[in-house]
Amino acid sequence: MGGNTIATPATRVPTASLAQSRAARELGLKRGEFELAVRLGRVRTVPAHDGGRRRVVREEVERVRDTAGFPDSLREHVRAVGTTEGAGLMDISTARFTRLARAGMLTPVRFYLNRYRAVVWLYLAEELREFATAEVNAPLMTGRAPDRMRARLDAGIDLRPRNWRSRHAGHLLGQSTDAWERAAAVASLLDPGTILELVKCPYEHGYLSKLRPESAGHGAPDSPSARIAERIMTADDPHEISWLRASLLLSLAEARRLRPAPRPNGGASIAADRERLAPAAYSNGVAPPEPDAEAAGVATGTGEPCPVVAEPPRPSRGLLGWLRRRGA
């Protein structure tokens, strides 16, 4: 999705690793440029041993520095432009550029909210030039748009948020190191109600919440800007939601086979654990129905047991490698 290169996961960060801010300075990139470089696979990161923000090993910084044309080539690869500059690069009007983007022909790489809380989409300059010079796209650059495209636009369809989420999902899945993180990445694109419907085990729900990928800040929590950004980051297209639901169920099934979700306070009662999880796990304050306690655990929505062990064995590297290839 979005041409992301999957970063090679590591179970432990080598001693010679840098914080992302330090790596950005050493590569001569601004914060936004560095974030794009990571998202596009131009700079690979590894998990932090303490569970904090991902880091960059020293060897990776040197690898990027040794690429041809550095640093200008790297900056050009991550150059993002708005509608006006993008239209100029493609030698078309801003109106045509916007119609192409709304119809799903151009995929945004980033977005931000301006001072009026309007969404501003950014696109990779490199991709726009490639689109404009491709012979197959020549009919879209001039003249009348195809009937199917005009029908979409006349119906008010705007595929920019969905295309951005597709690219974003590729980045999240590429950085997932196991099936539980993969499930959490998929869940982050669904609304809380859908997650409650699909993940009825409170321990699994809490674990997915804990593993939820961090999102770029778009204002203070619950602010108008944050709510707008949250809507963009949450799937709303029926086909997209259907795909994400299926993907979440498959990832959960795989994760359960590898190891159960950890249960807080190993020997605590189910009722006590559920009460402890509720504030963090259910963002809308609505908890799922009380689970039926059994010797083997509590029932999930899929009929599989809700695990009661606190620290199950971790999966083998070979199996994790297979999961990474499946996420490519």
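The chain has 17 helices and 8 strands, where helices (H or I, at least four residues) and strands (E, at least two) are DSSP runs numbered from the N terminus. This is a predicted model: local features need pLDDT of at least 70, side-chain atom pairs count only at pLDDT 80 or more, and totals for chains, interfaces and linings use all residues. Residues are numbered from 1 along each chain as its sequence is written, and side-chain values use heavy atoms, with hydrogens and water left out. Of the 328 residues of the chain, 45% count as buried (under 20% relative accessible area; exposed is over 50% and partly exposed in between, with a 1.4 Å probe and protein chains only). Among contacts with a separation of 6 or more, 70% are between residues 24 or more positions apart, a contact being heavy atoms within 4.5 Å.

**Aromatic pairs**

- The whole structure holds 4 aromatic pairs; rings of Phe, Tyr and Trp (its six-membered ring) pair if their centres lie within 6.5 Å, and planes under 30 degrees apart count as stacked, over 60 as edge-to-face and the rest as tilted.
- Phe-97 and Tyr-123 are an edge-to-face pair, because their planes stand at 85 degrees, with the ring centres 5.1 Å apart.
- This pair links distant parts of the chain, with Phe-97 in helix α6 (residues 94-102) and Tyr-123 in strand β5 (residues 119-124), 26 residues apart.
- Phe-97 counts as buried at 0% relative accessibility, and Tyr-123 counts as buried at 1%.
- Phe-111 and Trp-164 also form an edge-to-face pair, 5.1 Å from centre to centre and with 85 degrees between the planes.
- Phe-111 belongs to strand β4 (residues 110-113) and Trp-164 to helix α10 (residues 160-174), so their pair ties together parts 53 residues apart in sequence.
- Both Phe-111 and Trp-164 are buried.
- Ring pairs join Phe-111, Trp-121 and Trp-164 into a cluster.

**Helices α6 and α9**

- Two packed helices are described by the angle and the distance between their axes.
- The axes of α6 and helix α9 (residues 147-154) come within 10 Å and cross at roughly 90 degrees; axes are lines fitted to C-alpha atoms, for helices over the stretch in contact, and angles run from 0 to 180 degrees between N-to-C directions.
- α6 and α9 are therefore roughly perpendicular (65 to 115 degrees; under 35 is roughly parallel, over 145 roughly antiparallel and the rest oblique).
- Arg-99, Leu-100 and Arg-102 of α6 make the contact with Met-149, Arg-150 and Leu-153 of α9.
- By class, this contact of α6 with α9 has 3 nonpolar, no polar and 3 charged residues (Ala, Val, Leu, Ile, Met, Phe, Trp, Tyr, Cys and Pro count as nonpolar, Asp, Glu, Lys and Arg as charged, and the others, Gly among them, as polar).

**Helix α5**

- In helix α5 (residues 83-90), the buried residues are Gly-86, Ala-87 and Met-90.
- Seen down the axis of α5, these buried residues fall within an arc of 100 degrees, so they line one face of the helix; the arc is that of the directions from the helix axis to the C-beta atoms.
- The exposed residues Thr-84 and Gly-88 are on the face of α5 turned away from its buried side.
- β3 (80-81), α6, α7 (125-133) and α8 (138-141) are what the buried residues of α5 pack against.

**Ser-251**

- Ser-251 lies in helix α15 (residues 238-258) and counts as buried at 1% relative accessibility.
- Ser-251 and Ala-185 are 66 residues apart in sequence, and their C-alpha atoms are 9.9 Å apart in space.
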